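Thanks, everyone; I would like to take a few minutes on one structure, and I will keep to what can be read from the coordinates. Please have the sequence and the 3D view open while I talk.

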Amino acid sequence: MSKTHLGVLVTDNGQNNQVDLSPTATCAEGVQINIYGRNNHVVIGEGTVISGGLVELRNHESAVYIGDRTTIMMAHLSLHEAGAITIGEDCMLSGDITMDVSDMHSILDVETGERINPPQDIEIGDHVWLAHGVRIMKGAQIGQHSVIGSRSMVLGVIPAHSLAVGAPARVVRAGIT
């Protein structure tokens with residue numbers, strides 16, 4: 001079932017899913033939330049501005065939390081497997097941003113058959129700036145008051161108050177805000 005809520009096209013193809021969109025959030029026409037599965041939750045905080053983008057939850061019991069006063073120019077937030085993407089308050093996401101909690105396909109150990117690439121949550125702290133073209137990979141954690149440079153790929157932990165650039169992103173300056 002599809003419906004438009006405060007300018008966002010929400011398509012819910014599952015059961016018991018919930019979208020909490022603050023009435024003070026502003027979303028441009030064309031912003032979409034697509035949900036499959038069950039028991040998923042999307043929260044978009046107060047005063048958040050989303051100019052373009054897509055949020056896709058493709059599994060069960062997944063969540064996307066976007067904090068208050070965050071600005072998103074164009075982003076694709078995807079959860080191909082169960083997990084969570086958390087974006088803090090007062091963040092700025094430039095255009096062409098992508099993030100996913102999984103690799104979308106399993107990689108197995110030949111000897112044991114055990115999966116070696118499980119999904120991992122993504123956490124972005126308060127007051128973080130993601131410049132144009134940033135890729136946030138599963139398991140990434142970006143500390144508060146950090147900046148990620150254009151076209152960087154975040155694979156692990158970026159400490160708070162850091163400027164990180166490159167693929168993979170490396171801290172080039174600490175003590176920033």
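I will go through one threonine and then some of the charged pairs.

Before anything else, please keep in mind that this is a predicted model.

Let me start with Thr-70, which sits in the loop that runs between strand E9 (63-66) and strand E10 (71-72). Is Thr-70 buried or exposed? Its relative accessible area comes out at 0%, and because the cut-off for buried is under 20%, Thr-70 counts as buried. As for what surrounds it, if we set aside the neighbours within four places in sequence, Thr-70 is in contact with Gly-47, Thr-48 and Val-49, and also with Ile-87, Gly-88, Glu-89, Asp-90, Cys-91 and Leu-93.

Now to the charged pairs. As a reminder, side chains of opposite charge can pair when their charged atoms come close. How many salt bridges does a search of the whole structure find? The search finds 6, and I will discuss some of them.

Asp-96 forms a salt bridge with Arg-135, with the closest N and O atoms 3.4 Å apart. This pair links distant parts of the chain, given that Asp-96 is in the loop between strand E13 (92-93) and strand E14 (97-100), while Arg-135 belongs to strand E17 (residues 135-136), 39 residues apart. Both ends are partly exposed, Asp-96 at 29% relative accessibility and Arg-135 at 24%.

Asp-96 also has a salt bridge with Arg-151, where the closest N and O atoms are 3.1 Å apart. Arg-151 lies in the loop between strand E19 (147-148) and strand E20 (153-154), and Asp-96 in the loop between E13 and E14, so this pair ties together parts that are 55 residues apart in sequence. Taken together, Asp-96, Arg-135 and Arg-151 are linked in a network of salt bridges.

Finally, Lys-138 forms a salt bridge with Asp-103, and here the closest N and O atoms are 2.9 Å apart. Again distant parts of the chain are linked, with Lys-138 in the loop between E17 and strand E18 (141-142) and Asp-103 in the loop between E14 and strand E15 (122-124), 35 residues apart. In this pair Lys-138 is buried, with a relative accessible area of 17%, whereas Asp-103 is partly exposed at 33%.

Terms used. Residues are numbered from 1 along each chain as its sequence is written. This is a predicted model: local features need pLDDT of at least 70, side-chain atom pairs count only at pLDDT 80 or more; totals for chains, interfaces and linings use all residues. Side-chain values use heavy atoms; hydrogens and water are left out. Helices (H or I, at least four residues) and strands (E, at least two) are DSSP runs, numbered from the N terminus. Buried means under 20% relative accessible area, exposed over 50%, partly exposed in between (1.4 Å probe, protein chains only). Contact means heavy atoms within 4.5 Å. A salt bridge is a side-chain nitrogen of Lys or Arg within 4 Å of a carboxyl oxygen of Asp or Glu.
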